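Please look through the structure shown below, and keep it at hand while reading the paragraphs that follow.

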Amino acid sequence: MRIEDLPIRDDLRGQTPYGAPQLDVAVRLNTNENSYPLPDEVVEAIGKAVQAELRDLNRYPDRDAVALRAALADYLGHGLTVANVWAANGSNEVQQQLLQAFGGPGRKALGFGPSYSMHPLLALGSGTEWIGALRDPDFGLSPAAAVAKIEEHDPDLVFLCSPNNPTGTALDPAVVTAVLERARGVVLVDEAYAEFARPGTPSALALLPEHPRLIVSRTMSKAFGFAGGRLGYFAAHPAVVEAVQLVRLPYHLSSLTQAAARAAVAQRDALLATVEAIKEQRDRIVATLRERGFQVADSDANFVLFEVGGDQKVAWQKLLDRGVLVRDVGLPGWLRVTAGTPDETQAFLEALR
């Protein structure tokens, strides 16, 4: 039997699941992971934390992950408390829960592409109409352009990404402020790559006290090198946290996940020590490609979007033939490469030559 033979929802027919190629190659720079393995002291701390939970696995975990949320609030600062923070299995589940709470049939979500390709898929899964507006040709977004789309479509949710994936560009805070002033619904700023931003790049966290409909989502998958741990979270007004608790699955975060994540947050100095090294390789990629004549998008993330001057599918395959896996994000003529270790960067630059 094929999927087409099942009584699947009509709006899911013909869709393809999200996913990047998982290939066994020497250099994998396609999923924006942190290329550095966890330090020994972090591995030991996480191991002890998980070990301490094993005896009580016959019991359900803390349904509201209070201790973990308190640790994340402390990490974020800005006067946030446990009441301002919610956590789930990756920022994808966080955003899915927000769509379940504030979207749904008869409601609309608006985003500005090219951007994270999961946003429209999450909207689809929740029955929310997705409206895909476009960024400027240089991948930026002006306050006037953003407000114009909001006035045109009157969305229930607005998705903003800063730094944006796949372009790496950060938003001018004036864009977020303008959107908050005009949007009727909630405004989500996806800051999955915030820790990699260049000096002087502000976070939307600073706007939270004045804007109760603002939500700022983060992840531990990137800067923390915790992609396998699956932990995302958001900061918002306590009422937003209460709203999401209406739709979250009971016990959605296991005891082991909570313990591992708490230990990782406690070891944040050791985990975040690789951020500056990754930023150095990102800037090296940008500078080298521009020296070679490539058009490259400005990046405040741990990846670089660059124009290949032709069919990106052909360029992607040629790089793969040389043992380097990058990401074809479906943007004609462009590819995205994750900033990895110095050796991985060197391998990519040599393969691209």
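In this predicted model, Trp 130 has a relative accessible area of 26%, so this residue counts as partly exposed, whereas Phe 159, with a relative accessibility of 4%, is buried because the limit for that class is under 20%. Trp 130 and Phe 159 form an aromatic pair, with 5.5 Å from centre to centre and 65 degrees between the planes, and this arrangement is edge-to-face. The pair links distant parts of the chain, since Trp 130 belongs to strand S4 and Phe 159 to strand S5 (residues 157–161), 29 residues apart.

The model has 7 aromatic pairs by the rule used here. In another of these pairs, the rings of Tyr 60 and Tyr 251 are stacked, because their centres are 4.2 Å apart and their planes stand at 10 degrees. Tyr 60 lies in the loop between helix H1 (40–54) and helix H2 (66–76), while Tyr 251 lies in the loop between helix H7 (238–245) and helix H8 (255–266), so that this pair, too, links distant parts of the chain, 191 residues apart. Tyr 60 is exposed at a relative accessible area of 66%, and Tyr 251 is partly exposed at 30%. Elsewhere, ring pairs join Phe 294, Phe 306 and Phe 348 into a cluster.

Strand S4 also takes part in the largest pocket, where this strand supplies the largest share of the lining, 4 residues. The pocket has a volume of about 1,100 Å³, and its lining consists of 45 residues, with Tyr 18, Tyr 116, Ser 117, Asn 165 and Arg 327 nearest its centre. Sorted by class, the lining has 19 nonpolar, 18 polar and 8 charged residues.

Key
Residues numbered from 1 in each chain as written. Predicted model: local features only at pLDDT ≥ 70, side-chain atom pairs only at ≥ 80, totals over all residues. Heavy atoms only, no water. 1 Å grid on protein atoms, 1.4 Å probe; cavity = no way out; pocket = protein on both sides within 12 Å on 5 of 7 lines; lining within 4 Å. Points joined across faces, edges and corners; volume = space filled by probe spheres on them. Helix = DSSP H or I, 4+ residues; strand = E, 2+ residues; numbered from the N terminus. Nonpolar A, V, L, I, M, F, W, Y, C, P; charged D, E, K, R; others polar. Phe/Tyr/Trp six-rings, centres within 6.5 Å; stacked < 30°, edge-to-face > 60°. Buried < 20%, exposed > 50% of the residue type's maximum accessible area, 1.4 Å probe, protein only.
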